[in-house]
Amino acid sequence: MSMRSKRRLFCTLLAVSAAFMSGLAIAAAQGIPAPSANQAFLYEMDEDAVLLNSAGHVLVPDPSGKSPTGLVDATNGAVGIPAIRHATSHLQGVATLGSILCPVPQLVTVRGNECTVIATGTDDVQLLIDPKTGQVIPTSGKVFGIYAVVVQLDNPIDSPEFPVQTGTFSGVINFQPPLPLGFVSEGTFTIDGTSFPFQAVFRQPFTRSVKGDVLTHRGEKGEKVSRTDPSARRAQAFYLLDDGSLQRVRPDERAIGWPTVRLEISF
């Protein structure tokens, strides 16, 4: 279906559902603070990640418990040494009106000045093992995927789902351990064959220990909580801001209770 046909269908659907939408206020369902001008905030709704060794083989937990890394090569049972973290994530968020992802008021769906954006992104991040601690450290890698600006289709109550703008994106992601931050450089959005540059910051949610140390495991005040414990999903969590201050993860910045990664995009 062409973009023109989609817009015609969208206008028809609006007319048909006008009776349902009249009198309804658009809820600010996305996270606050809202993105500034020429920004978009996307939240990671879910992630499917695997560890690969240098040969590109998937690593799995060692059932025997004898591997020094706790992992083995799924193809041959050899000791697993992580070299790449391959992950695919689904994201949803908002872009500010006037930005390239929210060009006209007709696409606004949130707070009167923001468009709803969904995306599927994949990254391949190179890993290193710290010889002193044995911890796996993410370094950098490629990130790429597809996105869509969506509006309401046939249910004005649920999340917008009808794509009115689609495109692709790519870039390079870099991490700066031990900070819970990632940075996207050389970012490019491609819309109808035209490319637009962007940069972004990944803010990973984290907790703090009693001593104030940054902890990325699920838990509160340094206490490890079983993943099967319902409280693990609702533990207090924070984002690290650029000025070094902490910002509490809000209830509307969680996915089914879990604190989400917040991707802040600047055009």
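Analyst: Here are the labels one by one, each with its criterion. This is a predicted model, where local features need pLDDT of at least 70, side-chain atom pairs count only at pLDDT 80 or more, and totals for chains, interfaces and linings use all residues. Residues are numbered from 1 along each chain as its sequence is written, and side-chain values use heavy atoms, with hydrogens and water left out.

User: Happy with that. What does the secondary structure of the protein come to, and what makes a run a strand?

Analyst: The protein has two helices and 18 strands.

User: In what order do the eight strands close into a barrel, and what makes two strands a pair?

Analyst: The barrel order is 1-4-5-6-7-8-9-18, with antiparallel pairing. From one strand to the next the twist averages 25 degrees, where axes are lines fitted to C-alpha atoms (for helices over the stretch in contact) and angles run from 0 to 180 degrees between N-to-C directions. Two strands pair if DSSP finds at least two bridges between them. Strands 1 and 4 run antiparallel and are joined by 12 bridges, so the pair meets that criterion.

User: What makes the 29 residues a nonpolar core, and which of them touch the most other members?

Analyst: A nonpolar core is a set of buried Ala, Val, Leu, Ile, Met, Phe, Trp, Tyr and Cys residues joined through side-chain atoms within 4.5 Å. In the largest such core, which has 29 residues, Leu101, Tyr147, Val149 and Ile265 touch the most other members. Elements giving two or more residues to this core include strand 1 (39–52), strand 6 (136–151) and strand 18 (262–266). Contact means heavy atoms within 4.5 Å; leaving aside neighbours within four places in sequence, valine 149 has contacts that include Leu101, Leu107, Cys115 and Phe162.

User: Why is the link between cysteine 102 and cysteine 115 called a disulfide?

Analyst: A disulfide is a pair of cysteine sulfur atoms within 2.5 Å. The S to S distance from cysteine 102 to cysteine 115 is 2.1 Å, so the pair qualifies. Cysteine 102 sits in the loop between strand 4 and strand 5, and cysteine 115 in strand 5, 13 residues apart. The structure holds one disulfide. The torsion about its S-S bond is about 70 degrees, so the disulfide is right-handed.

User: Is each of these residues buried or exposed: cysteine 102, cysteine 115, histidine 86, glutamate 186 and isoleucine 256?

Analyst: Buried means under 20% relative accessible area, exposed over 50%, and partly exposed in between (1.4 Å probe, protein chains only). Cysteine 102 and cysteine 115 are both buried. Histidine 86, in strand 4, has 28%, so this residue is partly exposed. Glutamate 186, at 65%, is exposed, and so is isoleucine 256 at 68%. Of the 267 residues of the protein, 39% count as buried.

User: What is the phi of glutamate 186, and what is that of isoleucine 256?

Analyst: Both are positive in residues other than glycine: about 55 degrees for glutamate 186 and near 50 degrees for isoleucine 256. Glutamate 186 belongs to strand 8, whereas isoleucine 256 is in the loop between strand 16 (254–255) and strand 17 (258–259).

User: How far apart are histidine 86 and leucine 51 in sequence and in space?

Analyst: They are 35 residues apart in sequence and 6.3 Å apart in space, C-alpha to C-alpha. Leaving aside neighbours within four places in sequence, the contacts of histidine 86 include Asp48, Val50 and Asp123.

Conventions:
Helix = DSSP H or I, 4+ residues; strand = E, 2+ residues; numbered from the N terminus.
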